[in-house]
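Dear colleague,

I am passing on the structure that we spoke about, and below it you will find what was computed from it. Please read the notes with the model open beside you.

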Amino acid sequence: MYRYDEFDHAFVTDRVEQFRDQVSRRLSGELAEDAFKPLRLMNGVYLQLHAYMLRVAIPYGTLNGRQMRMLALIARKYDRGYGHFTTRQNIQYNWPKLSELPDALADLATVEMHALQTSGNCIRNVTADHFAGAAADEVADPRPYAEILRQWSSVHPEFSFLPRKFKIAVTGAERDRAAIQVHDIGLHLKKDETGRIGFAVYVGGGQGRTPMIAKKIRDFLPEEDLLSYTTAIMRVYNLHGRRDNKYKARIKILVHETGAEELARQVEVEFADLKDTELKLPERDVAAISAYFAPPELSPRAEGWANLAQWKKADADFARWVQHNVQPHKHPDYGMVTISLKPIGGIPGDATDAQMEAVADIAEEYAFDEIRVSHEQNLILPHVALADLEPVYRGLVAAGLATANAGLITDIIACPGLDYCALANARSIPVAQELSLRFGAPERQAEIGELKIKISGCINACGHHHVGHIGLLGVEKKGEELYQITLGGSGDENTSIGEIIGRGFEPEKVTDAVEVIVNTYLGLRLDPSEIFLDAYRRVGPQPFKDALYGDKTAAAA
Amino acid sequence: MADKVLTANRLSDGISVWLDAAGTWNESLQAAFVARHKEAVEALEATGKQAFADNKVVDVNVVDVEEVDGVLRPLRMRERIRAEGPSIPYAAGYTGLTATAPAA
């Protein structure tokens, strides 16, 4: 993985000391809140309902054991012994004291971590496929390009005060696991007919109060033009993006109002000026960054096949875990392990300090010291020999991290919601917990198959409800919580925005409503291989409306 | 007019606090001074403004409460959760509805 050079080290350390001074001046009263707030936000510090919140960047979701141990230490030393992994592949701490935050950031800096660009109207932490560098279906590893974008965008003076925040995601496979079509810029790494590496470029996707699917404005952008073309997009956005209304300030609104074709034309005009400037990526730089992401040397471990068959036969729970939580690696003797942070009835994305340390131990011993955070709020060990799956599983069981539910109905995404978040209108976590308990039996989950439930506690959609196969949006109606249900959303290569199915449900009724939807699906699917999303796309909303509201739908949202 | 209390987050650690009758910021809603008429609410607002200007607290708000059997209860769910803590057992040593102190 990427290692800081001297510049990176000095830069991050300087930033910590700047922030230490700013916090000290704030606490002494020298700096007023209005002056301080933008400074703390530039360092990932928010104020939530109960306390400050620190959001730490995990660039493209990649970290090693040493860094994970530091995240555990931060949880223990500055928080209440846990952290929350987010849909942006970051981690949030819910209880740090402002007075101690400079020390926390100084500790993070010792392992090449920081909280820069996790807030504010800048280019945010770049996200990528969590199986990058390991997936069998990958064209190329997206992380070197995510790292190039990170280096280029870090405190970029031209793009530090954009009309609104800006999110870039990169995928290296046809199967999109990075939800690129709901990002401001989505990059799909591919090869052209001559074998050259480049990108299909998508612009103007996003969720929030106005969900939009990104428009493809380039079929193939050569690798060397990554920064010049991205700069061209940013310039068009910076110039024409709306600053009069924060709800209309994202690039998705600009793309929508301008039209993708006209926007692409404007980008091409800028690009023509930038194409052969210093922004052109030199091959040697790409090679140098790519070298940091070279896969570990994976020696043949063919004995794993026989071991695996034997272990699966001997232990049904292990077999179930392998079935759901281990995906094919590009090396046939290896697998990619999803560590579920969705224990049945638990809090999606939360991990204790002890659990983080257990993951670090396992990664160091069995997984080439590589860990990923997925946007689905799980952890990934991207390279594990099949021959080591059994001890990895035992270690995860001991840490309470071996729930066999990756991609199943209890693998629920949920934002912190009204239990923590100052923006939320309703709680997300208790809804996720009740659903998890209702559907938690392994047989029931297996019967239902792949089904993604995503829950947001407000319209900002941090819980990605718009792209949930079943999406739940919490709203406040007359002072009480109400949950609106959307169906048919998806954040993959066939992205779709879920449709509101009808009037919302009170907290005590929403689990029953989801069960009605699930049972309706089970009753109408062609066979068990037709997953919920496919069945919904085939039959449309009506059977679900009928089941939820009666035949004569009085379904006003 | 609904009864009102003054709430904020303490500057140094962000913890939710409520203004009590002695004029100090208390971590318990139940200790809050309750304003029951216009002049009292105006006094709360002025106190809040001053405390913010003095850099003691941030995010200062007057919120509606009701008193039921001697227990103060905010009318909005958001404020109930601020007062009682996350509604979930979120970490070892802390149970739901106890935000500011480890469970005994």
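Two residues are taken to be in contact if their C-beta atoms, placed from the backbone, lie within 7 Å. On that basis, 25 residues of chain A are in contact with 25 residues of chain B. This is a predicted model, in which local features need pLDDT of at least 70 and side-chain atom pairs count only at pLDDT 80 or more, while totals for chains, interfaces and linings use all residues. Residues are numbered from 1 along each chain as its sequence is written, and chains are lettered from A and ligands numbered from 1 in the order in which they are written.

On the side of chain A that touches chain B, α14 (429-439) and β19 (480-487) of chain A each supply at least two residues, where helices (H or I, at least four residues) and strands (E, at least two) are DSSP runs numbered from the N terminus. The residues of that side divide into 12 nonpolar, six polar and seven charged; Ala, Val, Leu, Ile, Met, Phe, Trp, Tyr, Cys and Pro count as nonpolar, Asp, Glu, Lys and Arg as charged, and the others, Gly among them, as polar.

As for chain A itself, it contains 18 helices and 20 strands, and its C-alpha atoms fill a box of roughly 60 × 60 × 60 Å along the principal axes.

Two helix pairs in chain A may interest you. Helix α6 (residues 226-240) of chain A packs against helix α8 (residues 260-274) of chain A at an angle of about 125°, with the axes 8 Å apart; axes are lines fitted to C-alpha atoms, for helices over the stretch in contact, and angles run from 0 to 180 degrees between N-to-C directions. That angle makes α6(A) oblique to α8(A), since angles under 35 degrees count as roughly parallel, over 145 as roughly antiparallel, 65 to 115 as roughly perpendicular and the rest as oblique. Among the residues making this contact are Y229(A) and I233(A) of α6(A) and V267(A) and F271(A) of α8(A), and the contact as a whole divides into eight nonpolar, three polar and two charged residues.

In the second pair, helix α5 (residues 143-153) of chain A and helix α9 (residues 283-292) of chain A pack at about 115°, with their axes 9 Å apart, and α5(A) and α9(A) are therefore roughly perpendicular to each other. The contact is made by P144(A), E147(A) and I148(A) of α5(A) with V286(A), I289(A) and S290(A) of α9(A).

With kind regards
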